[in-house]
Amino acid sequence: MAKSRVQFVCQACGASHARWAGKCDACGEWNTLVEEGTQAGGIGGGPASLRSARKGRSVALTSLSGEIEDAPRIASGIAELDRATGGGFVRGSALLIGGDPGIGKSTLLMQAAATLAKRGNRTVYVSGEEAVAQVRLRAQRLGAADAPVELAAETNVEDILATLSEGRRPDLVILDSIQTLWTDMADSAPGTVTQVRASAQAMIRFAKSTGAAVVLVGHVTKEGQIAGPRVVEHMVDAVLYFEGEGGHHYRILRTVKNRFGPTDEIGVFEMGDSGLREVANPSELFLGERSQKAPGAAVFAGMEGTRPLLVEIQALVAPSPLGTPRRAVVGWDGSRLSMVLAVLEAHCGVRFGQNDVYLNVAGGYRIAEPAADMAVAAALVSSLAGLALPADCVYFGEISLSGAVRPVAHMAQRLKEAEKLGFGRAVFPAGGDETAGMALASASFRPASLADLVARIAGSRRSRETDEGN
Ligand code: TYD
Ligand code: MG
């Protein structure tokens, strides 16, 4: 019999400890240590006595210039999903899709499975969370009930592997979710780090040995009661996160890791009554409910991977009743806002000291680019001065601590997207010849410093007083 040893494993980071403690030393999380028994041989290994008795067998060594299968990728036919995976599911690889419960992971994968199965790929969907009837119900709602997807409600890894080894080699295997799987190899409860890791390892080994594409679904959990997807992130070939804001219908599929493609791509979807709909032009979605005349709104021409994306930034600057005025940000970096405010105060003579400042990115979208500095500054000044910015103008550019405006990447692409959506003007950094000859570039204002932009916005009051039609 295997020799069992008790240890305490952090469900957040997977670190193991000899003794229980309230706080994990490795990651600093509280109340995440759970007692788990492991075989002395380690995770995924066989019983220690058997392992020591078995003699290694020699494996065939091979050369780099071997045969490669014709179509190493299976395109799902859902363009936004293929964009995020870098062109489709890769044969012989394991992909992890993580996300909050209820965000739409099962829906997305069922839609992908149905499309692939209809094209003649053998597609197996193993649900460990829902009964067969529930999965069928969802498929009906998605209009995918007639797709020849092979369905099973099973959680034991050995049973799943035995099932998969029958018949034709599957092209795509979906395991929903990794936290419900358990293997005979580990003796702790399903959902614990040991089980999740051992099960994932078995399924990844299956992918590599058969050439099937395996998709693992992982729930992100706030409490440490079940292990999060993080513990398998390093084992799989690609990691995608499915995100969305409560109250908004759109969902973003973000690539976090990809051994076979770029990692800065996103796929955008909208959740509707009959499943997820692709959003081919996300800018239209994020600019949808724009109010044209309100002060404090500026349209930022951003980039997500290789795709330009226009989104509205809203600022509200209001006199504060408090001694220490409030600064609140949704969708952007709070310290970046403090920096822009400091530059406006120090170099442009704009005072925010007695005002509350609120910043919001419309549509619940989240911006990570420093190129948003210029749009944020424009929105802030516009709100403080009570002057609406021109509705047909986009803004982008990075602001340095000295108050200078710095060029950013992909300027031509940003302008092209703005042009396509009917914007007629742009405010962006000087320098960089890539935009030469563009119609929008000629109708642009290209400030060298933030002070120039502030002067221009303040100057619009005077021109408006003399020329109302502007
Ligand atoms: P689901 O795919 O079950 O989420 P996950 O697998 O990530 O936990 O999606 C569940 C949510 O999606 C649920 O709140 C209902 C909603 N939904 C729709 O709005 N329309 C649909 O057509 C479907 C299938 C689900
Ligand atoms: Mg689900």
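Colleague: Which residues is Leu 380 in contact with, leaving aside its neighbours within four places in sequence?

Modeller: This is a predicted model, and in it Leu 380 is in contact with Ala 315, Val 317, Leu 337, Val 340, Leu 341, Leu 344, Phe 352 and Val 357, once the neighbours within four places in sequence are set aside.

Colleague: And which residues touch the most other members of the largest nonpolar core?

Modeller: That core has 65 residues, and those touching the most other members are Leu 344, Tyr 365, Leu 380 and Tyr 395. Helix H10, which covers residues 373–385, gives the most to this core, with 8 residues, and the core draws at least three residues from each of domain 2 (73–280) and domain 3 (285–469).

Colleague: What does the second, separate core include?

Modeller: The second core is made up of 34 residues, and Ala 112, Ala 147, Phe 242 and Phe 269 are among them.

Colleague: Changing topic to the ligand, how many residues surround ligand 1, and which are the closest?

Modeller: There are 17 residues around ligand 1, the closest being Gly 102, Ser 106, Thr 107, Gly 272 and Gly 275. Helix H3 (105–118), helix H4 (132–141) and strand E13 (266–272) each supply at least two residues of that shell, and H3 gives the most, with 3 residues.

Colleague: Which atoms of ligand 1 do the side chains of Ser 106, Thr 107 and Arg 141 approach?

Modeller: A polar side-chain atom of Ser 106 lies 2.5 Å from an oxygen atom of ligand 1, and an N or O atom in the side chain of Thr 107 is 2.6 Å from an oxygen atom of the ligand. For Arg 141, a side-chain N or O atom is 3.1 Å from a nitrogen atom of ligand 1. On its own, ligand 1 has 560 Å² of accessible area, of which the protein covers 75%.

Colleague: One more, then: where does Asp 171 lie, and is Asp 171 buried or exposed?

Modeller: Asp 171 lies in the loop between helix H5 (157–164) and strand E9 (172–176). Its relative accessibility is 7%, so Asp 171 counts as buried, the cut-off for that being under 20%.

Colleague: What does Asp 171 touch, not counting residues up to four places away in sequence?

Modeller: Asp 171 touches Ile 74, Arg 91, Asn 121, Arg 122, Ala 212 and Ala 213, and its side chain reaches the backbone nitrogen of Arg 122 at 2.8 Å. The C-alpha atoms of Asp 171 and Phe 89 are separated by 9.4 Å, although these residues are 82 residues apart along the chain.

Conventions: Residues numbered from 1 in each chain as written. Chains lettered and ligands numbered in written order. Predicted model: local features only at pLDDT ≥ 70, side-chain atom pairs only at ≥ 80, totals over all residues. Heavy atoms only, no water. Core = buried A, V, L, I, M, F, W, Y, C linked by side-chain atoms within 4.5 Å. Buried < 20%, exposed > 50% of the residue type's maximum accessible area, 1.4 Å probe, protein only. Helix = DSSP H or I, 4+ residues; strand = E, 2+ residues; numbered from the N terminus. Domains from an automatic or database assignment. Contact = heavy atoms within 4.5 Å. Near = heavy atom within 4 Å. Polar contact = N/O pair within 3.5 Å; in protein donor to acceptor, adjacent residues only side chain to side chain. Areas by Shrake-Rupley, 256 points an atom, 1.4 Å probe, with all protein chains shown as cover.
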